[in-house]
Amino acid sequence: MTTTKTDPFQFDDLLTSTQRKLRDQVREYMESAVKPAINDYWERGEIALDLALGLRDLPIVGGTQRGYGCAGLDCLSDGLVKYEICRVDGSISTLFGVHSGLAIGSIGMLGSEEQKQRWLPAMARMERLGAFALTEPERGSDAAHVLTTARRVGNHYVLNGEKRWIGNGTIADLIIVWARDEGGRFGGFVLEDPEQLPGFTAKPMGGKIAKRAVHQAEITLEEVHIPAANRLANCSSFRDLTAVLANTRAGVAWEAVGLAAGCYEIALKYACERQQFGKPIASFQLIQAKLVEMAGDLAQSQLLVWRLAQMMESGTATSGQLSLAKQTCALKARRAAALAREILGGNGILIDNHVARLFTDVEATYTYEGTNEINLLITGREITGIGAFV
């Protein structure tokens, strides 16, 4: 049984010994290899690729996907991986999650057997990195109506359009571009070694305040030719993609809880050690009130994602439940980061103390995989039976 100081309702006791072992492996790597080095990458705005690649030595790549060298984790174990990575850093979480969740997940769930055999083994070894290009300059929440086009010409598709906010887009060996063909059918088109393709350009987005140790790309596609065999075989509508997005939305809920845990643990340690007026600031009522609020939010979020993992495993989780989990956990993580920053006072805005980095990273988590508003309305539609948006 773990201490209630950092585990308010013994969340650890809900895990099997195998799950705890995997959790501890990821935690050890993140604490020993990533935490001492990540701030320098973050401050320079440099991709922490070498730190992310260290995760390939753990049995976690590919998440819940089975076969082809993928980890084949249960949903709870997969959630714990995301929790532990984000507990230390959001940039590494995004770099790894885009590759292991979105890219591998898209091929694993929507590719043909030949496509899975062709691409997944090297991706599972992280020898070839993946990216997922859905969002566009004019299509964020309205992702189902992408403007990028794919025109069939003989044995090739010709892609035209723009993509934005594409994690790993400047370093990926394979990019899955989501577009519509001449008949209006939605599909995923895999660009192999994209930098070598005429008409493809990708540039990193600058000026970010969050997740600065991973780059998002602005991608332009001008008459980019790819083999027709590179269209994912089992996707013909946006609805087909929603199964992949459901997994990643659940994953972002876990990420948010990890961020909240990281903020809480840092704030608690600091409050117990920081001396003012001859005693630790944890002895003051207002500081204790903040810590208790954080502990309560953390416990609620941990239990929520634990239950969500059970429902994901049984295949009973609904879109409204997924959205409610993401919205609730991200909101509580945002509050935890703000309270941790307050507890650390001026030291809370220095990245040396890690909270400042998590404080900004949580803002990205709060927005992606469905904004707060969109997730609220998806859940609202499910519980009322009335759609409040198109």
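**How the labels fit this protein**

Me: Why does the radius of gyration of the protein agree with a compact globule?
Reply: This is a predicted model. For 390 residues, a compact globule would have a radius of gyration near 21 Å, and the protein has 21 Å, so the two agree. Along its principal axes, the C-alpha trace spans about 80 × 45 × 40 Å.

Me: Good start! What share of the residues is called buried, and what makes a residue buried?
Reply: A residue is buried if its relative accessible area is under 20%. In this protein, 53% of the 390 residues are buried.

Me: Why are α5 and α7 called roughly antiparallel?
Reply: Their axes cross at roughly 155°. Angles over 145 degrees count as roughly antiparallel, and therefore α5 and α7 get that name. Their axes come within 9 Å, and α5 passes α7 in a right-handed crossing.

Me: How do you know that α5 and α7 are in contact, and which residues meet?
Reply: Contact means heavy atoms within 4.5 Å. Residues that meet include Gly101, Leu102 and Gly105 in α5, with Leu241, Val244 and Glu255 among their counterparts in α7.

Me: What kinds of residues make up that contact?
Reply: The contact of α5 with α7 has seven nonpolar, six polar and two charged residues. Gly counts as polar here, a handy thing to remember when you check Gly101 and Gly105 in α5.

Conventions: Residues are numbered from 1 along each chain as its sequence is written. This is a predicted model: local features need pLDDT of at least 70, side-chain atom pairs count only at pLDDT 80 or more; totals for chains, interfaces and linings use all residues. Side-chain values use heavy atoms; hydrogens and water are left out. Axes are lines fitted to C-alpha atoms, for helices over the stretch in contact, and angles run from 0 to 180 degrees between N-to-C directions. Helices (H or I, at least four residues) and strands (E, at least two) are DSSP runs, numbered from the N terminus. Angles under 35 degrees count as roughly parallel, over 145 as roughly antiparallel, 65 to 115 as roughly perpendicular and the rest as oblique. A crossing is left-handed if the near helix is turned anticlockwise from the far one by less than a right angle, and right-handed if clockwise. The radius of gyration is taken over C-alpha atoms; the globule rule is 2.2 Å times the number of residues to the power 0.38. Buried means under 20% relative accessible area, exposed over 50%, partly exposed in between (1.4 Å probe, protein chains only).
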